[in-house]
Amino acid sequence: ISLTLPTVNGVTVMLGAADAKDASMAGVSYAMDAGDIGVTVAYAQSSSSAADSDDSQIAAKVTAGDATVTVISGASGKYNNSGVGVTYAVSDSLTLQAYSGTTDHDTTAAYEVKDTGIGLTYTVTPGMSISLTSNDYSGKGGNSGGAAVDVSGSRSNIALDVSF
């Protein structure tokens, strides 16, 4: 069961509960315009009776002209995360994107995941776009069958999206 209250003066509140393991969740957001700049801040949390089930996230989004910056920080059980993402609309048909994020673990100091990427999306015609992305990632402190596993690499992708 969830309830989202009507937005009042830019503030929106959401409450919820679930039968499964006595789960509950709540969130609040505030959105405002400061001249030509739009600002939204939000906080959400959830928990249940299951071990390591507490989740919380705080986020902020700032929009100025054709640029948007989003910053997040949070925790899920024993994992902590943070990230920042930026988009910039160069024109009606070209958008640039970049992001960086990390995750670590409360009780395993050697555990860390990082991912950083850049990309662009070009709209060929309404309903058809091409996206190019490239990201670098690394992870350390994980395990596979009891053996320590460290990974790193780069990945590039091309996507053609078509909608009718």
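Student: Why is valine 162 called partly exposed?

Tutor: In this predicted model, valine 162 has a relative accessible area of 45%. Buried means under 20% and exposed means over 50%, so with 45% valine 162 is partly exposed. You will find valine 162 in strand β11.

Student: What makes isoleucine 158 count as exposed?

Tutor: Isoleucine 158 is in strand β11 too. Its relative accessibility is 69%, and exposed begins over 50%, so isoleucine 158 counts as exposed.

Student: Which residues form the nonpolar patch on the surface?

Tutor: Tyr122, Val124, Met128, Ile130, Leu132, Ile158, Leu160, Val162 and Phe164 form the patch, and together they have about 940 Å² of accessible area. Strands β9, β10 (128-144) and β11 (147-162) each supply at least two of its residues.

Student: How do you know which kind of aromatic pair tyrosine 79 and tyrosine 111 make?

Tutor: Start with the ring centres, which are 5.5 Å apart; rings pair if their centres lie within 6.5 Å. Next come the planes, at 70°, and planes over 60 degrees apart count as edge-to-face. The pair is therefore edge-to-face. By this rule the count comes to one aromatic pair.

Student: Why does tyrosine 79 count as partly exposed?

Tutor: Its relative accessibility is 37%. The label covers values between the 20% and 50% limits, so tyrosine 79 counts as partly exposed.

Student: Which residues gather in the patch of negative charge?

Tutor: Asp52, Asp54, Asp104 and Asp106 gather there, on the surface. Aspartate 104 lies in strand β8, whereas aspartate 52 is in the loop between β4 (37-47) and β5 (55-64).

Student: Is aspartate 52 buried or exposed?

Tutor: Aspartate 52 has a relative accessible area of 51%, and the limit for exposed is over 50%, so aspartate 52 is exposed. Aspartate 104, with 34%, is partly exposed.

Student: What is the phi of aspartate 52?

Tutor: Its phi is positive, about 55°, although aspartate 52 is not a glycine. Most residues other than glycine have a negative phi. Asparagine 9 also has a positive phi, near 50°, and lies in the loop between β1 (2-4) and β2 (11-18).

Terms used. Residues are numbered from 1 along each chain as its sequence is written. This is a predicted model: local features need pLDDT of at least 70, side-chain atom pairs count only at pLDDT 80 or more; totals for chains, interfaces and linings use all residues. Side-chain values use heavy atoms; hydrogens and water are left out. Rings of Phe, Tyr and Trp (its six-membered ring) pair if their centres lie within 6.5 Å; planes under 30 degrees apart count as stacked, over 60 as edge-to-face and the rest as tilted. Buried means under 20% relative accessible area, exposed over 50%, partly exposed in between (1.4 Å probe, protein chains only). Patches are made of residues with over 30% relative accessible area and no salt bridge: like charges are joined within 9 Å, nonpolar side chains (Val, Leu, Ile, Met, Phe, Trp, Tyr) within 5 Å. Accessible areas come from the Shrake-Rupley method with a 1.4 Å probe; for residues, only the protein chains shown count as cover. A salt bridge is a side-chain nitrogen of Lys or Arg within 4 Å of a carboxyl oxygen of Asp or Glu. Lys and Arg count as positive and Asp and Glu as negative; His and the chain ends are not counted. The place of a charge is taken as NZ of Lys, CZ of Arg, CG of Asp or CD of Glu. Helices (H or I, at least four residues) and strands (E, at least two) are DSSP runs, numbered from the N terminus.
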